[in-house]
Amino acid sequence: MRLLTLSLLAAWPFAGWAAAPTVDPETGLATWQIETSGVQVRLTQISPDQARAFYQARGFSARAAERYARECVFMTVVRNLGDTPIHHRLADWRYLHRGQRHPLRSKAQWAAIWKRYGVNEAARIAFTWAQFPATQTFAPGDWNQGMTTYRVGRGERFDLEVVWRIDGKPFSAILPEVHCAPDAA
Amino acid sequence: MPLTLRNTLAAVLVPLSLALSASPASPATAADLPPLSHSLTAQAAKPAPGLKLKDTDGKPHDLGQYRGKVVLVNFWATWCPPCRREMPSMQRLKDALAGEPFEVLAVDVGEDADTILAFTSQLDTALAFPILLDTRSRAMRDWKVAGLPTTYLIDKQGRIVATAIGGREFDHPEIVAAIRALLVK
C-alpha cells in the first residue's frame with residue numbers, strides 16, 4: 001500500500017482518497033481509483049493497440065486511428081455514490097505533467113482534427129459518444145464512462161485534477177502518479 | 001486473479017482549517033467492471049421529446065403511439081460496455097411486467113441493423129423489444145443525452161418522469177416497483 005497525497009485547491013472544500021493502481025494480470029493495464037465525498041473516479045489505461053482497434057472497427061482509417069492512439073487514453077468512470085447531485089464539466093479538469101497544468105482536449109478540438117483527417121460521419125458519431133461527456137449532472141446512483149486523452153508520452157506520469165460541483169460549489173481531488181500505458185501493454 | 005489493493009487513508013491538506021472526515025475507498029481490482037446501479041431519479045413530469053425512428057426490421061415507431069403505456073426509453077450502442085451489460089435486464093423487466101401496459105424502446109446510436117444483430121445474437125437472452133436506429137444521432141440531441149447509456153421513464157401521458165444515467169439492473173425490485181407504481185396511475 002502506498003500513502004498517496006491528495007491536495008486541495010485553496011479554498012476548495014474537499015479532497016479524496018486514492019489507492020495505488022491495480023493491474024489486470026491478463027492485459028498488464030493499470031487502474032487508478034479515487035473515492036471522496038460520495039464521488040468515485042476511476043481511470044483505466046487503454047493501450048494504443050486497443051485504441052487503434054476500437055476506432056478502426058468504428059470506421060476510422062488506420063491513419064486517423066493512429067492519430068488517436070498517439071495520445072495517452074484512459075477509460076474514465078465517474079460515479080455519484082452520495083446523496084446529492086453532482087455537476088461535472090470536463091473543461092474544469094486539469095492534468096499536471098512536467099510541471100505544467102493542461103486542460104484536456106475537448107470533443108470540439110477532436111472534431112476539428114477528424115475533419116482534417118476526413119473521418120466519416122458514422123465514425124465521428126461513435127467517437128463523440130465514446131468520449132467522456134463534456135458536461136453532465138449525476139444524480140445519486142448515476143454514473144458514466146468514456147474515454148479521456150492526455151498529451152503525455154508512453155509510460156510517462158501525470159497527476160489528474162478532477163473537479164466537480166455540488167450546488168455550485170467546486171470540489172476537487174487529485175489522482176496522483178497516473179501513467180500512460182506502454183505501447184505493448 | 002487481479003490484484004486487490006486495500007486502500008489507505010491518504011494524507012490530506014486541510015487549508016482554511018476545514019476538517020475532513022476520512023473514509024477509505026472501496027477496494028478495486030483492475031479487471032472489475034463498474035457495478036450496475038438500480039436507482040431511478042424521479043423528476044418533475046415534462047413532455048418527452050418526439051421520437052420517430054425505424055427499428056432494426058425497418059418498422060417505423062413513434063413514441064406518441066405508445067400513449068397510455070409506460071415506456072422505458074434507453075439510449076445505447078453495442079460498443080458501450082455498460083449498455084451491453086444492462087440490455088438483458090431490460091428484457092427481464094419486460095418479462096416481469098408482461099401483460100401490463102409497458103414497453104421498452106432501445107435507441108441505438110450510429111450503428112446499423114447488422115451490427116446490432118451481431119451483438120444481440122450473442123446474448124443468452126432473446127430481446128423482444130424494439131431496437132430503434134438513431135443512425136445520425138439526432139434523437140440523442142433532441143433528448144439532450146450527454147452520455148451512454150441514458151434511460152428515460154415515460155408515463156402514460158407521454159411525460160418523462162424519471163431518468164437513469166449509466167448502467168442499471170432494470171429488473172431490480174426497486175425499479176420494478178417504481179414502474180408498477182406508474183402503471184396504476
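Buried residues account for 49% of the 185 residues in chain A of this predicted model, and the secondary structure of chain A comprises 4 helices and 13 strands. Where chain A brings together residues at least 6 apart in sequence, 62% of those contacts join residues at least 24 apart.

Within chain A, helix 1, which covers residues 48-57, packs against helix 2, which covers residues 62-69, at an angle of about 140 degrees, and their axes are 8 Å apart. Helix 1 and helix 2 of chain A are therefore oblique to each other, because an angle counts as roughly antiparallel if it is over 145 degrees. The crossing of these two helices of chain A is right-handed. On the side of helix 1 of chain A, the contact is made by A:Pro48, A:Ala51, A:Arg52, A:Tyr55 and A:Gln56, while helix 2 of chain A contributes A:Ala62, A:Ala65, A:Glu66, A:Tyr68 and A:Ala69. Sorted by class, the residues of this contact between helix 1 and helix 2 of chain A are 7 nonpolar, 1 polar and 2 charged.

An α-helix has 3.6 residues a turn, so residues three or four places apart point the same way.

Helix 3 of chain A in turn packs with helix 4 of chain A, residues 121-130, at an angle of about 160 degrees, with their axes 11 Å apart. Helix 3 and helix 4 of chain A are therefore roughly antiparallel to each other, and helix 3 of chain A passes helix 4 of chain A in a right-handed crossing. The contact is made by A:Lys107, A:Trp110, A:Ala111 and A:Trp114 of helix 3 of chain A, together with A:Arg124, A:Phe127 and A:Thr128 of helix 4 of chain A. By class, this contact of helix 3 with helix 4 of chain A has 4 nonpolar, 1 polar and 2 charged residues.

A:Arg151 is partly exposed, with 15 other C-beta atoms within 10 Å. Leaving aside residues up to four places away in sequence, A:Arg151 touches A:Glu71 and A:His102, and its C-alpha atom is separated by 8.5 Å from that of A:Leu104, 47 residues apart along the chain.

Turning to chain B, its secondary structure comes to 4 helices and 9 strands, and from the N terminus on its elements run β-β-β-β-β-α-β-α-β-α-β-β-α. Buried residues make up 35% of the 185 residues in chain B, and, of the contacts in chain B with a separation of 6 or more, 78% are between residues 24 or more positions apart. B:Thr120 is found in helix 2 of chain B, residues 113-120, and B:Thr120 is partly exposed, with 17 other C-beta atoms within 10 Å. The C-alpha atoms of B:Thr120 and B:Leu53, 67 residues apart along the chain, are separated by 19 Å.

How values were computed. Residues are numbered from 1 along each chain as its sequence is written. Chains are lettered from A and ligands numbered from 1 in the order in which they are written. This is a predicted model: local features need pLDDT of at least 70, side-chain atom pairs count only at pLDDT 80 or more; totals for chains, interfaces and linings use all residues. A residue is buried if 20 or more other C-beta atoms lie within 10 Å of its own, exposed if 12 or fewer, and partly exposed in between; C-beta atoms are placed from the backbone. Two residues are in contact if their C-beta atoms, placed from the backbone, lie within 7 Å. Axes are lines fitted to C-alpha atoms, for helices over the stretch in contact, and angles run from 0 to 180 degrees between N-to-C directions. Angles under 35 degrees count as roughly parallel, over 145 as roughly antiparallel, 65 to 115 as roughly perpendicular and the rest as oblique. A crossing is left-handed if the near helix is turned anticlockwise from the far one by less than a right angle, and right-handed if clockwise. Ala, Val, Leu, Ile, Met, Phe, Trp, Tyr, Cys and Pro count as nonpolar, Asp, Glu, Lys and Arg as charged, and the others, Gly among them, as polar.
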